[in-house]
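Then follow the stops below.

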Amino acid sequence: TCLMGMSFESFSGEPVPFLQHLKNWLDINADMGNIPPQLWWLFPKTMKSAHDSADFLKAYTKDLLARRRRGETQALSKCPDLLDCMLETADTLSGEKLPDEVIGHELMSFLFAGQDSTAVALSSFFCFVAANPAAQAKLVAEIQE
């Protein structure tokens, strides 16, 4: 992901633990969203799996921050990435920098939001193409070229 100066190697064909845990956590939250929290105790295996994935994601993010602070990772371009900005920018009034815990939460927010916006964009695109035979024919012709 460009915001953190690292790659998940998604095209390697190998399972990516971070993405597996992210998907697991999101799936469980979607499934449990219709169940009142007072009843979650009825699903101990599901809740343990959600907690395990959340713990993995937190530990991964913490490690990512530590590696950047040690200089083991860097922005993928010449410009600072989002992680650089969060690590280096200080509050204009207090002069304080963001704590790592807050940075970790922000990174997770961007990853969650990025997944949702990408899914919505792709869904909208395919609905548009399916509803417009002329656009679909043009797209197919361009792909076949």
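Select Lys23. Lys23 counts as partly exposed, because its relative accessibility is 48%. Keep in mind that this is a predicted model.

**Stop two: helix H2**

Move to Asp52 and Lys48. Their side chains meet in a salt bridge at 2.8 Å, N to O. Both belong to helix H2, again 4 residues apart, about one turn. Asp52 is partly exposed, at 35% relative accessible area.

**Stop three: Lys97 and Glu88**

Select Lys97 and Glu88. A salt bridge links their side chains, 3.4 Å from N to O. Lys97 is partly exposed at 45%, while Glu88 is exposed at 52%. Next, pick Arg68, Asp81 and Asp84: salt bridges with shared partners join them into one network. How many salt bridges are there by this rule? The count comes to 8.

**Last stop: the largest pocket**

Select Leu57, Lys58, Gly104, His105 and Met108. Of the 13 residues lining the largest pocket, these lie nearest its centre. The pocket holds about 310 Å³ of space. Helix H2 (44–69) and helix H4 (100–131) each give at least two residues to the lining. Colour the lining by class: 6 residues are nonpolar, 3 polar and 4 charged.

Definitions and conventions. Residues numbered from 1 in each chain as written. Predicted model: local features only at pLDDT ≥ 70, side-chain atom pairs only at ≥ 80, totals over all residues. Heavy atoms only, no water. 1 Å grid on protein atoms, 1.4 Å probe; cavity = no way out; pocket = protein on both sides within 12 Å on 5 of 7 lines; lining within 4 Å. Points joined across faces, edges and corners; volume = space filled by probe spheres on them. Nonpolar A, V, L, I, M, F, W, Y, C, P; charged D, E, K, R; others polar. Salt bridge = Lys/Arg side-chain N within 4 Å of Asp/Glu carboxyl O. Buried < 20%, exposed > 50% of the residue type's maximum accessible area, 1.4 Å probe, protein only.
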